[in-house]
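These are my notebook entries on a single structure, arranged by the site consulted. The sequence and the model come before the entries.

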Amino acid sequence: MPGIDYRLARACVRLGEVLELIGYQPRTRVGAQLRGPCPLHGSRSPTSRSFAAHLGKNVYHCFVCGAGGNALDLWAALTRQDFHAAVQDLCQRLGQPVPWLPRRKQPVKEIRS
Ligand SMILES: [Zn+2]
């Protein structure tokens, strides 16, 4: 299976899109910062504010379970897939092309007889 350009994928996928995909309901929103129940460790209380997401920086952090990362990490954690599968899955769900890494080029000095 070809590799994925994770750097490019990270630049294409917004954290807000992932939260929208799971129908996340934040408890509070101040500017680009959301706070609410953590979708990863499954906060039961709807008033929980353990989970913090910054839509501008595309990072999240949970103060209870310690989870954190970017939009791709969140999708991988939510869907319990390995990172490669999660990124592929997420791009497809968002209708974005998967940023596959180019296959290794043939050596330049190719000798044809
Ligand atoms: Zn958590």
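Is Arg 80 buried or exposed? I looked up its relative accessible area, which is 75%, so Arg 80 is exposed. I use buried for under 20% relative accessible area, exposed for over 50% and partly exposed in between, with a 1.4 Å probe and protein chains only.

Basis of the entries. I note that this is a predicted model, in which local features need pLDDT of at least 70 and side-chain atom pairs count only at pLDDT 80 or more, while totals for chains, interfaces and linings use all residues. Residues are numbered from 1 along each chain as its sequence is written, and side-chain values use heavy atoms, with hydrogens and water left out.

Entry on positive phi. I found Arg 80 in the loop between α3 and α4; its phi is positive, about 55 degrees, although it is not a glycine. Helices (H or I, at least four residues) and strands (E, at least two) are DSSP runs, numbered from the N terminus. I also looked up Asn 58, in the loop between β3 and β4, where phi is near 60 degrees. Asn 58 counts as buried because its relative accessibility is 11%. For background, most residues other than glycine have a negative phi.

Entry on helix α3. I listed the buried residues of α3, which spans residues 71–79: Ala 71, Leu 72, Leu 74, Trp 75 and Ala 76. They pack against the helices α1 (6–12), α2 (15–21) and α4 (83–93), and against the strands β3 (51–54), β4 (59–62) and β5 (68–70); contact here means heavy atoms within 4.5 Å. At the N-terminal end, Asn 70 caps α3, with a side-chain oxygen 2.9 Å from the backbone nitrogen of Leu 72. A polar contact is a pair of N or O atoms within 3.5 Å; within protein, one must be able to donate a hydrogen and the other to accept it, and residues adjacent in sequence count only if both atoms are side-chain atoms.

Entry on the zinc site. I recorded four donors to the zinc ion, at 1.9 to 2.3 Å: Cys 38 (SG), His 41 (ND1), Cys 62 (SG) and Cys 65 (SG). Donors are N, O and S atoms within 2.8 Å of the metal (3.2 Å for Na, K and Ca), and sites may look incomplete, as water is not among the atoms. The angles subtended by the donor atoms run from 102 to 124 degrees, so the arrangement is tetrahedral; for four donors, that requires all angles to lie between 85 and 135 degrees. The spacing of the donor residues in sequence is C-x2-H-x20-C-x2-C. Cys 38, in the loop between β2 (33–36) and β3, and Cys 62, in strand β4, are 24 residues apart and link distant parts of the chain. Cys 38 is buried at 2% relative accessible area, and Cys 62 is buried at 1%.

Entry on charges. My search of the whole structure returned one salt bridge, a side-chain nitrogen of Lys or Arg within 4 Å of a carboxyl oxygen of Asp or Glu. Arg 93 forms it with Asp 89, with the closest N and O atoms 3.1 Å apart. Both residues lie in helix α4, four residues apart. Arg 93 is exposed at 52% relative accessibility, whereas Asp 89 is buried at 17%.

Key. Four donors count as tetrahedral if all angles lie between 85 and 135 degrees; four count as square planar and six as octahedral if opposite donors are over 155 degrees apart and all others between 65 and 115; anything else is irregular.
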